[in-house]
Amino acid sequence: MIVHLSSSHDMDLHWLIIGGGIHGVHLALVLRERCGIAAEQMQIIDPHEQLLARWEACTTACGMRYLRSTVVHHLAPDPHDLLRFAQQTRAEAYHFHGRYQRPSLAIFRAHSWALIERYRLVDLTQRGRVKGLVRREEGWCVETDRGAITARNVILALGIGEQLRWPVWASALRAAGAPIYHLYEPGFDRTRISTGANVVIIGGGISAAHLALALCPTTPVTLVMRHPIKIAPFDSPPGWMGPKELRRFHAEPDMRHRRAMINQARLPGTMPVELAQALTTAVQHERLQMVIDEVRTANYTNDDGITLTLNDATLHAATVILATGFTGERPGHLWLDEAIAAYDLPVAACGYPIVGTDLRWTQGLYVSGALAELELGPVARNIVGARHAGERLANEVRD
């Protein structure tokens, strides 16, 4: 559970991290382990009940068994720490899968919580939702729904997990009272789907595939994809994890061109080969149905349930689940918009921050995750992006 600290306007914090997800936890560990920041000099603020809550909810919702990342991409600063943890806990070999030794969700979680407990990050975390960001002479004041916190340096480690993509037809169905859900909406629980109820899943990427495979043993599932299965080991080419592609990216001074490079590099709607093979096998054995088409209109009545009209077919469903991912707008919404306007924080035409190589947006204000993608490239939102941000931060603090 997250500790509820008292509000403070004069707390002498050196570092305050906004966001207790993958990025926030990794950066907290970097500050503690690599930079030697004392526990009493840092804090995390997050709106959820516990650290990593949103990430854990999303990975649980779709029935994921293995991460898409590699064995060296995790939350510990040392890239070999997960393997050491596996050896120390005598984890079975099946916890690492395939060419890239993708870690199982189970061992990744166990390792993450061992780190959180070792560095007592729960004790450094306050629950609260940020409402404002105000510059002070000594640093920044972060206003929340539970008080205000002042810190010399603030790191914006905001995720996009609350920005769900709802097609227009799907929003209309929800408004009509239909049993339609987004896979990643708070409270969604696939285990509550009635056994035998006809389910239609909308989506063509890794989340849709995980969900279809998790449901199809007990539930009739139809997976509607706009395109045939597209295979890729990661959601952007591996060259973007290191200097191969990033040299070219950093050599480009025009942020509009950097945004175009990011958009071109991202591979939405793809999945690793082993997941594609499992999906294909399930279709061949008639455990699920796959339809390559797109929903045009949808209707709902209490008597007939949900009717989806596609280009070339009509489907009937008791339940529809959207695996349509997240929207691309800048996280932070109104309170960050106000800070940008108040302090003339530089942003590109796409609305995202223009930051230095140290990820500093302005004095005492740093970014990670999606907010850092014009500097870190298309992997900025991922675990590897958190590690890149941690490296930049460690260099900045030690210097």
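What follows is a short exchange on the sheet and on one residue.

Reply: This is a predicted model, in which local features need pLDDT of at least 70, side-chain atom pairs count only at pLDDT 80 or more, and totals for chains, interfaces and linings use all residues. Residues are numbered from 1 along each chain as its sequence is written, and side-chain values use heavy atoms, with hydrogens and water left out.

Me: Which strands stand at the edges of the open sheet?
Reply: Five strands, paired in parallel, follow the order β9-β18-β10-β11-β14; strands are DSSP runs of E with at least two residues, numbered from the N terminus, and two of them pair if DSSP finds at least two bridges between them. Each edge strand has a single partner, so one of its sides is left without a neighbour in the sheet, and these strands are β9 (180-182) and β14 (289-292).

Me: What is the bridge partner of Thr222 in β14?
Reply: Strand β11 (residues 221-225) runs parallel to β14 and is joined to that strand by four bridges. Within β14, Thr222 has as its bridge partner Gln289.

Me: Which side chain makes a polar contact with that of Thr324?
Reply: Thr324 sits in the loop between β18 and α10 (333-343). A polar contact is a pair of N or O atoms within 3.5 Å; within protein, one must be able to donate a hydrogen and the other to accept it, and residues adjacent in sequence count only if both atoms are side-chain atoms. The Thr324 side chain reaches the backbone oxygen of Arg165 at 2.6 Å, while its side-chain partner, at 3.4 Å, is His182.
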